[in-house]
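Open the model in your viewer and keep the selection panel handy. We will hop from one selection to the next, and at each stop I will point out what is there.

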Amino acid sequence: MASKACTPRLAPATPRSVLRALLLTLPIAVWSLLMLFHPGTPTDAKSRIAEAVTALFMTGLFFMMMRTGKTYRWRRCFFVALGFLFPVGFIYNMVLARGTMGIPIEEMIAGRTPFCFLAIPLLIVPAALTKTLVFPGSIAASRHAIATMVGLWLALTLVLGKGWCAYACFFGGIEEGMAAVPKRAKIRKIDPRWRLVPWAVLLAMVLLSLALFEPAYCMWLCPFKAVTEYVTARNAVGVVQNAIFIVLFAGLVIVLPLLTKKRTQCSFFCPFGAFQSIFNKISIFEVKIDRTRCKSCGVCQNACPNLSLSKESIAQGETLLSCMKCGACVDACPQDAAVWHIKGTEIAWKPERARLMFLYAAWAMAVMFGGSIIAQGLFTILHFLA
Amino acid sequence: MVAVVIFGEALTLGLVSGPACMASCGPVLVPSLLTEQTGFRRHLRFLSAFLGARLLGYLAFAAAAWEIGALVSMRPASRMLLMGAVNVLLACVLLWYAYSARQICGSSCSSAKLVNIGTTKDRRVAGAAVLGFLTGFSLCPPFVAAGVRAAELGSVTQALLFFIFFFVGTSVWFVPFIGIGCIARNQAVLTVARMTMTLIALYYLFLGIAMLMGRKAYGF
């Protein structure tokens, strides 16, 4: 194994200069302005303030990524803000539109529910066999809207793979925030077989969606129904549905992240995450372990919030299929052995350039999806404060 | 000539409603096929046992319903009770199957037999057959449609023959399931299949209990 003396650091050891970091941030600053400000549209001062704060926030975080050469902690700031502000704006809009967070079955059948990407894997098989969307969302009313949403998701997914789960998902932030609270994990030993549960949930939900002709996950197992829109309980079955949502949310999104310091809902339950993992095979960006530098200390394995590294995978110089490219392992590795990598290139080939290329794509997506959600959440808070 | 027309009608009805049958059996069939080892012959054997038992379930239900005159006129409450009981049974068998698959494939997964369920060695039956038999009792819309038509026929023999032709029509749609035999197996695939079975079993169990509770659960 090569000694540290003859292996130069791959990521910038010292922070980049402010000027260079600013230059690298410029495209994201322009993109933030384009995505978050809509000149000509009538908006009040609160909206403008929310949009300006969000644009500054997103640009500032990217600047810090460029300046420090670290990814994870800055991305986490954005992601946690997204996770906590999403329900704020969503519930406000829901109550404005419907007067309640509860959704009755008639509204579902009438397609008056918002589109949710978690339903995408459940739609595919019924849509392929019957040309019918089983998701009762408002988007089902328009084929163009479906094409736009699914097309956007597909394009981004092909580029970023499971990066979606670390830079765009508006559900994962709450548990990431919870996982950041304790200094040490109380539960450290986790059976690796738990990693297989999301695949089982995915398979079960796809099969049940086809059999029942309804989005089974949304109807029965989505933990985030607890903070978005619950089922209007008119009978015992409805009560059980809501109880399942609350128990799953409390267990997987609050309690277990506090105990394990991991994103437990994403790692051990989310069927969409399992589905996204498949696209890591296609995405050109990945995180690799440089075996010539690795001392097998296990720091990266502990740092990974998603259990996407195992001793075996580290020995092979790879992350597991479930890697969401959050950068935690890269930032934590004391040997700079965990590196950003572009498929088809040598492992040590300019990892910082690979990081930059990935981050531009990922942050552009983060601003586009997450930025508008954060701005909406901030607007809601300002609205209530004013 | 009339017989040809009637049984042709049964076959056509089976062929056109096959996708619905395939969809309703999928949650039971796919994970149980995945717990078997890879290979076309093995999957063909599994599917034969499953479909054979499913036909038996069809015929047993059709004959019993014909005898008591309830094939078409079964009251919704009674139908719900029957479906509830079948769902609870199906859930128990699925859980047992998932447990048995662990016993057989736990370490090397070298067993040449299909996954069997049962308490003792000499009393074990192929899990595929039990699952097939129980899904045969499922009162899915295509089955009810076939029941309505069969009830118009003159004799119980004709009605049973109608069901057999209907069954043959639907079974064509199950042939692609043999393709699951191509999927390579390892411990992870087996574990996922068993977890999937458990989740589906829990769903059926809940559904079954709710159906048995009827008005108390659904409020109507």
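Start by selecting A:Ala179, which is buried because 22 other C-beta atoms lie within 10 Å. The burial terms work like this: with C-beta atoms placed from the backbone, a residue is buried if 20 or more other C-beta atoms lie within 10 Å of its own, exposed if 12 or fewer, and partly exposed in between. A:Ala179 sits in helix H8 (residues 172-180) of chain A. Helices (H or I, at least four residues) and strands (E, at least two) are DSSP runs, numbered from the N terminus.

Before going on, note that this is a predicted model, in which local features need pLDDT of at least 70 and side-chain atom pairs count only at pLDDT 80 or more, while totals for chains, interfaces and linings use all residues. Residues are numbered from 1 along each chain as its sequence is written, and chains are lettered from A and ligands numbered from 1 in the order in which they are written.

Now show what surrounds A:Ala179. Leaving aside neighbours within four places in sequence, A:Ala179 is in contact with A:Pro257, A:Lys261, A:Lys262, A:Arg263 and A:Pro305. Contact here is defined by C-beta atoms, placed from the backbone, that lie within 7 Å. For a distance check, pick A:Ile190: A:Ala179 and A:Ile190 are eleven residues apart in sequence and 15 Å apart in space, C-alpha to C-alpha.

A:Lys261 counts as buried, because it has 22 C-beta neighbours inside 10 Å. Its backbone is worth a look too: A:Lys261 has a positive phi of about 60° although it is not a glycine. Most residues other than glycine have a negative phi.

Next, select A:Asp336, in the loop between helix H16 (328-332) and strand S4 (338-342) of chain A. Phi of A:Asp336 is also positive, near 55°, and this residue is not a glycine either. With 19 other C-beta atoms within 10 Å, A:Asp336 is partly exposed.

**A helix pair in chain A**

Select helix H9 (residues 197-212) and helix H13 (residues 271-278) of chain A, which pack at an angle of about 100° with axes 7 Å apart. Axes are lines fitted to C-alpha atoms, for helices over the stretch in contact, and angles run from 0 to 180 degrees between N-to-C directions. H9(A) and H13(A) are therefore roughly perpendicular to each other. Angles of 65 to 115 degrees count as roughly perpendicular, under 35 as roughly parallel, over 145 as roughly antiparallel and the rest as oblique.

Show side chains where the two helices meet: A:Pro198, A:Trp199, A:Val201, A:Leu202 and A:Met205 come from H9(A), and A:Pro271, A:Gly273, A:Ala274 and A:Phe275 from H13(A). By class, the residues of this contact are eight nonpolar, one polar and no charged. Ala, Val, Leu, Ile, Met, Phe, Trp, Tyr, Cys and Pro count as nonpolar, Asp, Glu, Lys and Arg as charged, and the others, Gly among them, as polar.

**Across to chain B**

Colour by chain and look where the two meet: 20 residues of chain B are in contact with 17 residues of chain A. Which element gives the largest share of the side of chain B that touches chain A? H7(B) does, with nine residues. That side of chain B has 14 nonpolar, five polar and one charged residues.

Then select A:Ala200 and B:Leu94, which touch the most other members of the largest nonpolar core, a set of 164 residues. A nonpolar core is a set of buried Ala, Val, Leu, Ile, Met, Phe, Trp, Tyr and Cys residues joined through C-beta atoms within 7 Å. Apart from neighbours within four places in sequence, B:Leu94 is in contact with B:Val28, B:Met197, B:Ile200, B:Ala201 and B:Tyr204.

For the last stop, select B:Ser171, found in helix H6 (residues 156-171) of chain B. B:Ser171 counts as buried, with 20 C-beta neighbours inside 10 Å.
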